[in-house]
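Please consult the sequence and the structure shown below while reading.

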Amino acid sequence: MKLSKKLVGLGAVALLAVGLAACGGNDDGGKADKDAEKSVGESLNYKITGIDPGAGIMEATEKAIKEYGLEKDWDLTTGSGAAMTAALKKAYDKEQPIVVTGWTPHWKFTEYDLKYLEDPKGVYGEEEQIRTIGRIGLEADLPEAYQILSNFNWSEADMGEVMIAIQEGEKEDVAAQNWIDANTEKVAAWTEGVEKVDGDKIKLAYVAWDSEIASHNVMKLVLEDMGYNVTLVQVEAGPLWTAVADGSADASLAAWLPLTHNTYAEKFAGKFEELGINMEGVKTGLVVPQYMDIDSIEDLKN
Ligand code: PBE
């Protein structure tokens, strides 16, 4: 028996203490044993922790729940990006199970040991990118901004630096400015050959996802440095696409395509313009802590 092996070499007092602890352990009516026997679903109350309802990953997750035959038991909770990371932290600190709607780039992968659940049915898509979108007429009205927004492109590591600084408590604009100061060549490539303007107004729409908070704060400062008067408007995903389509926002750096925001892109087809890819190789899916004993969305069935 394992226990007796561990006891070898312990003194009488320690032995007694361990003995008492062991008795105490048995007094819980075997609750610990029952916990260990619980399925992932049971231990999670069949809840996947989601984010804001308009996010594309919520639509994808509802689809995953159906396609993997989980709809009888499982539910997707709604909240926000911040509520999701708070729930993740709470579970992680206690080594409890949790399944969240997750995406990369995101600081949570730096902060915690996490893994994507395999998605053999490909519900969360293959190659995903973050693209920049603008309202119709932007090029004619704000040609300099149009040029800069079209040139904007950075890496997961770049965004990560801004995101992590914010997560560690830096103010959003300070984190963005620090990144710009350390990456003048990259920024210069976005603004190369573009003339400065004199206080022209521009409105960028974004959602409070950590990735988009980082990109929009950087672009705000870049455009301000080029002479623009920049307003950042924080909205939900649906209103963001509506705003670009009806022209009440000039642009957004937050279009995840071809899959995540495809419903919006199709709904507003012809009413917005794609300005280019600002990041390659991004990803969405269901994410769990490494310590969880499951590897695939299919394992949620058990
Ligand atoms: N996200 C982050 C967004 C796109 C950016 C994955 C939460 C979404 O699901 O719509």
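## Helix, ligand site and loop

In helix H9, which spans residues 143-151, the buried residues are Ala145, Tyr146, Ile148 and Leu149. When the helix is viewed down its axis, these buried residues fall within an arc of 165°, so they line one face of H9. The model discussed here is a predicted one.

The report now turns to the ligand. Which residues are found around the ligand? They are Ile51, Ala55, Gly56, Ile57, Trp103, Trp209, Glu212, Trp256, Thr260, His261 and Thr284.

| Residue | Atom of the residue | Distance to a ligand oxygen atom |
|---|---|---|
| Gly56 | polar backbone atom | 2.6 Å |
| Ile57 | backbone N or O atom | 2.8 Å |
| His261 | polar side-chain atom | 2.6 Å |

On its own, the ligand has 280 Å² of accessible area, and the protein covers 100% of this area. The space that the ligand takes up is the largest cavity.

Where is Ser80 placed? Ser80 belongs to the loop between strand E2 (75-77) and helix H6 (81-93). Its relative accessibility is 28%, and Ser80 therefore counts as partly exposed, a class that lies between the limits of 20% for buried and 50% for exposed residues. Ser80 and Glu236 are 156 residues apart along the chain, while their C-alpha atoms are separated by 10.0 Å.

Methods. Residues numbered from 1 in each chain as written. Predicted model: local features only at pLDDT ≥ 70, side-chain atom pairs only at ≥ 80, totals over all residues. Heavy atoms only, no water. Buried < 20%, exposed > 50% of the residue type's maximum accessible area, 1.4 Å probe, protein only. Helix = DSSP H or I, 4+ residues; strand = E, 2+ residues; numbered from the N terminus. Arc of directions from axis to C-beta. Near = heavy atom within 4 Å. Polar contact = N/O pair within 3.5 Å; in protein donor to acceptor, adjacent residues only side chain to side chain. Areas by Shrake-Rupley, 256 points an atom, 1.4 Å probe, with all protein chains shown as cover. 1 Å grid on protein atoms, 1.4 Å probe; cavity = no way out; pocket = protein on both sides within 12 Å on 5 of 7 lines; lining within 4 Å. Sits in = over half its atoms within 2 Å of the grid points.
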